[in-house]
Amino acid sequence: MRETVLIKGEMATIVIVTTEAGTEVLDGEDEVLEQHAEDRHEAILRRYLDLGWDIEEDGP
């Protein structure tokens, strides 16, 4: 499993979670924003970084 927490400003957070089941993107209230059956972690992370989000935590 890999989990990356992104932050934008002081309050907005998004979490990218990748498991054997695929990749999900969750908002700050754990609502699913995106769901993919395959590992799309790097592509999604790149997209959010390009949109101005910053990495707060990244790890297994």
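1. Strand E1 (residues 2-8) pairs with E5 in the antiparallel sense, over five bridges. Within this part of the model, which is predicted, Glu3 stands opposite Gly59 of E5.

2. The E1-E5 pair belongs to an open sheet of five strands, ordered E4-E3-E2-E1-E5 and with antiparallel pairing. At its edges stand strand E4 (32-36) and strand E5 (54-59); each has a single partner strand, so one side of each is left without a neighbour in the sheet. On average, neighbouring strands are turned by 15° against each other, direction ignored.

3. The C-alpha trace spans about 30 × 20 × 20 Å along its principal axes.

4. How does helix H1 sit relative to the strands? Helix H1 (residues 41-50) lies across E1, E2, strand E3 (22-27), E4 and E5, and runs at about 10° to E1.

5. The largest nonpolar core has eight residues: Leu6, Ile14, Ile16, Val25, Ile44, Leu45, Tyr48 and Trp53. E2 and H1 are the elements that give two or more residues to this core. The most comes from H1, with three residues. In soluble globular proteins, nonpolar side chains tend to be buried together.

6. Ile44 is one of the residues of that core. Leaving aside residues up to four places away in sequence, Ile44 touches Ile16, Thr23, Val25, Glu34 and His36.

7. Is Glu34 buried or exposed? Its relative accessibility is 16%, and Glu34 therefore counts as buried, the cut-off for buried being under 20%. A polar contact of 2.9 Å joins the Glu34 side chain to that of His36. Beyond four places in sequence, Glu34 touches Thr23, Glu24, Val25, Ile44, Arg47 and Tyr48.

8. Thr18 is placed in strand E2 (residues 12-19). At 8% relative accessibility, Thr18 also counts as buried. Which side chain makes a polar contact with the side chain of Thr18? The partner is His41, at 2.7 Å. With residues up to four places away in sequence not counted, Thr18 touches Met1, Arg2, Thr23, Asp39 and His41.

9. Two values describe the chain as a whole. Of its 60 residues, 35% count as buried. Among the contacts with a separation of 6 or more, 39% are accounted for by residues 24 or more positions apart. The E1-E5 pairing of point 1 joins strand E1 (residues 2-8) to a strand at residues 54-59.

Methods. Residues numbered from 1 in each chain as written. Predicted model: local features only at pLDDT ≥ 70, side-chain atom pairs only at ≥ 80, totals over all residues. Heavy atoms only, no water. Helix = DSSP H or I, 4+ residues; strand = E, 2+ residues; numbered from the N terminus. Buried < 20%, exposed > 50% of the residue type's maximum accessible area, 1.4 Å probe, protein only. Polar contact = N/O pair within 3.5 Å; in protein donor to acceptor, adjacent residues only side chain to side chain. Contact = heavy atoms within 4.5 Å. Pairing = 2+ DSSP bridges. Axes fitted to C-alpha atoms, helices over the stretch in contact; angles between N-to-C directions. Core = buried A, V, L, I, M, F, W, Y, C linked by side-chain atoms within 4.5 Å.
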